[in-house]
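Hi there,

Here is the structure I promised to pass on to you. Have a look at it first, and then read my notes below.

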Amino acid sequence: MKIEYMHASKFGNGAMVAEELKQQMSLKGVAVDVHHIREIKPKDVPSADLYVFSSPCRMGRPIREMRRFLKDVTLPAGTKYALLTTEMAPRPDKKTGRMPTEEEICRFQHVRPIMNEALQRKGLVEVAEDKFYVTDLKGPLEEGWRRKVAALAALINQDLAGMEWAYVTPRSTHPAS
């Protein structure tokens, strides 16, 4: 099994998440090749069983370089992918001290929906996604971020194991059919 991981880390937080996922997946016998999107052309993405795309958030959206990369990437319909984003940790309201609710945060953060739309428009299929908060503009990552990566690795591994099973089982007997 092989994963190609494309990130657009600006301050190194996304790159740290990528390396941690690579390490977690290697424990499960899955190879992960990590690339910054500046190092690879969207039309030259290597073949893999799963693709991971990761972008920091800027003004509630993925950074421009990642939006362009996703627009130009060419992968066959049905290809599986996962999304990881690094976003600014929510902060309490300066006047009331109240933390924003998840619903309020979602009104302003559109990173994953924008990335999903770009990939699903091409017929790609999402298997997992998560966000990692940074505590300040340049980091560090939120406390417990490695546990979140481990949980995401387990979810991805479960999907990859199911994929392997689906390849050797006729479609008509696959439970997801």
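Met 88 is partly exposed, as its relative accessible area is 32%; buried means under 20%, exposed over 50%, and partly exposed in between, with a 1.4 Å probe and protein chains only. You will find Met 88 in strand 5 (residues 80–88). Strands are DSSP runs of E with at least two residues, helices are runs of H or I with at least four, and both are numbered from the N terminus.

A word on the source: this is a predicted model, where local features need pLDDT of at least 70 and side-chain atom pairs count only at pLDDT 80 or more, while totals for chains, interfaces and linings use all residues. Residues are numbered from 1 along each chain as its sequence is written, and side-chain values use heavy atoms, leaving out hydrogens and water.

Now to helix 2. Its buried residues are Met 66, Phe 69 and Leu 70. Arg 68 counts as exposed because its relative accessibility is 52%.

Finally, take a look at helix 3 (residues 102–108), where Phe 108 lies. Phe 108 is exposed, with a relative accessible area of 62%.

Enjoy exploring!
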